[in-house]
Amino acid sequence: MLTFIFRRLLLAIPTLVLISLIIFLLLDLAPGDPLADQPLSIPPEVRQKMRDALGLDSPAYVRYLLWAKQFFWVEPLYFIDWAIGTNFSDGLQRIVSWQFRAPVFDIIVQRVPQTLWVVGLAYLVGVMIALPIGIISAYKQYSWFDQVGTFVSMIGFSVPPFFSGVLMIVFFAIMLPWFPSIYDTTLVVHDFESFGQQVRQMTLPVMVLALQTTAQLSRFMRASMLDNLNHDYVRTARAKGMTEKVVLLVHVLRNSMIPVVTVIALGIPSIFGGAIITEQIFKVNGLGQLLITAIYANDLPMVQTLAFIFAVLIVLCNLIADVLYGLLDPRIRYD
Amino acid sequence: MTDAPVLVPATGPDTSGRSQWWDVWDQFKTHKGALFGAAVFLFIVLAVTLGPLVWTLEPTFIDIRARNSGPTLVHPFGTDQLGRDILARMMAGGQVSIAVGLTAMLISVLLGTLIGVTSGYFRRLDNVLMGLTNLFLALPLLPLLLVMVMLFRETLARSFGPEMGTFILIVSAIGVTSWMQTARIVRGEVLALKEREFVLAARSIGTPPRRMILRHVLPNVLSPIMVSATLGIATAIITESALSFLGLGFPPDFPTWGRLLFDAVDYLQQYPERVFWPGLAISLTVLSVNYIGDGLRDALDPRIRGR
């Protein structure tokens, strides 16, 4: 198992390098000029000096290697310095955002909590709702509960987040003014009242994202349960005189969770992608919104770094899913 | 051992003049949701294509005095902030959205089938092509789509005109980023097919690979391709609407459902009903297409058929 993980980690490195190269080459075609918003009164020779300072005129491979060095070497050093108080990284240039004139990672660190709170909580809520629904609809196949569950998850599949989010705003923020439609990031939770406010402003985005997760996962859970319910070991367990509760929740559930757990792991990066739209609707200033503004502002270092972080998440979650599958299912052995 | 071949009279209905597609249709008919979905999808397609012949108001005609009007007899869905008729805009937008969905699906299915069949059939190419597929699966697609649209919009708009340029860009961007699932499914099916006797028989009489693929392999992988094609329409429509919703789709005077929704969000406080129509159209189309895909999956599976 350990050798498998090690091999997969080694294999992930060329994949990630290739992905970062693809993202870089795509961005390299960008027509925008990062100095376009500087005043026109800057004399051309000064402008040229600014271009040199940003390294814009050096060949593509130099810029790529520079970015790679900054991402894989300088930024981890900074992190180590920050964590244990050393100063390895003195005098090394970090990745600087053109738009904020500040290190990219400082801005990302500011934005991560919002995304994690909203998206992470939504994913958790979605999983919590989806699993019982899937179990019950499989156990009572073709009952009215199952039919309703199928229909609701079809709707969850079909209604895109940019419509369900807007609908939620119309119903629960405009017609019934229960929840705010805009996420207030400056809110500091210090007492009971501000906590309630935080919960209220998180409700709508979490609901929108959770609907998506629930729709997919509950279908998957149902299919996996149905697969297992017809196996011989279920009949054996019943013949031994076990209660239905034990049969269902101990024997069948444990076996059907194997593929579901991997799907949950695989869904984590895609939820970050879906969050781009949801964050835009509810004005949550998380990572997705940061990416959109960076794309609009032609802030290439920011876009490059963020897109690459998303790619790392995807590769990492794929790896986790594979490892989990091997750990949970004794029939699967990676030698 | 007397293995004299017993001539079994053909059981079942007489197959003369009755292709297998009738069986598929018979099975498809029993799936209520799929039938209903097909009817709804047909209705939407007819409404957006033939609708403008009946409802002759121009979607770009500005009647500034009738702006922001609610549903009336003259404007059944009301008008927008410039007094353009929303019903006409919905039909024009639907044409674009559905055209984008169909074209992007075609590109993605063609690419997926090509890569899937090649990688399943030719063992030497398998590693490279599947590596490529896995690489694409690991790419953060929505961010890359946004970047692609942002980067190439100007260039393509200059050479093909703003509308056609954006159409080509969005369709190819969606197609290029959504072929991976089809490729994987098709490759799996082809790998399984290669072990079957009829393929061995065809190869032993010296069928060249090209005819092998076209005559023996492709017809047998048609059903998963058709199912993923149907579902591909739904994802393509949603992706296009998402791009338009983020403001990176078609130009503002060129309506699509996603764009109409995006424009309506600005007036959410005053006219919340305006977001309803485009959103409903997108959701209904996607829902009906998903149901059709569901029914097709059952109908094309011969193990389920006839049950």
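A residue counts as buried if 20 or more other C-beta atoms lie within 10 Å of its own. By that criterion, eight of the nine residues in helix α11 (residues 257-265) of chain B are buried. The model is predicted, and chain A averages a pLDDT of 83.

**Confidence**
- In chain A, 96% of the residues score a pLDDT of at least 70.
- Among the elements of chain A, the highest mean pLDDT, 90, belongs to helix α8 (residues 232-239), and the lowest, 80, to helix α2 (residues 44-54).

**Chain B overall**
- Chain B contains twelve helices and zero strands.
- The C-alpha atoms of chain B occupy a box of roughly 90 × 45 × 30 Å along the principal axes.
- Of the 307 residues in chain B, 42% are buried.
- Counting contacts in chain B between residues at least 6 apart in sequence, 69% join residues at least 24 apart.

**Helix α11 of chain B**
- The buried residues of α11(B) are Trp257(B), Gly258(B), Arg259(B), Leu260(B), Leu261(B), Phe262(B), Asp263(B) and Ala264(B).
- Within chain B, these buried residues pack against α3 (86-121), α10 (222-245) and α12 (276-299).
- The buried residues of α11(B) also pack against a helix of the other chain, α6 (161-175) of chain A.

**Nonpolar cores**
- The largest nonpolar core has 126 residues, and Val303(A) and Leu306(A) have the most contacts inside it.
- Helix α3(B) gives the most to this core, with 14 residues.
- A second, separate core has 14 residues, among them Ile133(A), Phe220(A), Met221(A) and Val252(A).

**Contact between chains A and B**
- Chain A brings 36 residues to the contact and chain B brings 31 residues.
- On the side of chain A that touches chain B, at least two residues each come from α1 (2-28), α5 (144-158), α6, α9 (244-282), α10 (287-296) and α11 (300-328) of chain A.
- Helix α11(A) supplies the largest share of that side, eight residues.
- By class, the side of chain A that touches chain B has 31 nonpolar and five polar residues, with no charged residues.

Terms used
Residues numbered from 1 in each chain as written. Chains lettered and ligands numbered in written order. Predicted model: local features only at pLDDT ≥ 70, side-chain atom pairs only at ≥ 80, totals over all residues. pLDDT = per-residue confidence, 0-100. Helix = DSSP H or I, 4+ residues; strand = E, 2+ residues; numbered from the N terminus. Buried ≥ 20, exposed ≤ 12 C-beta atoms within 10 Å, placed from the backbone. Contact = placed C-beta atoms within 7 Å. Core = buried A, V, L, I, M, F, W, Y, C linked by C-beta atoms within 7 Å. Nonpolar A, V, L, I, M, F, W, Y, C, P; charged D, E, K, R; others polar.
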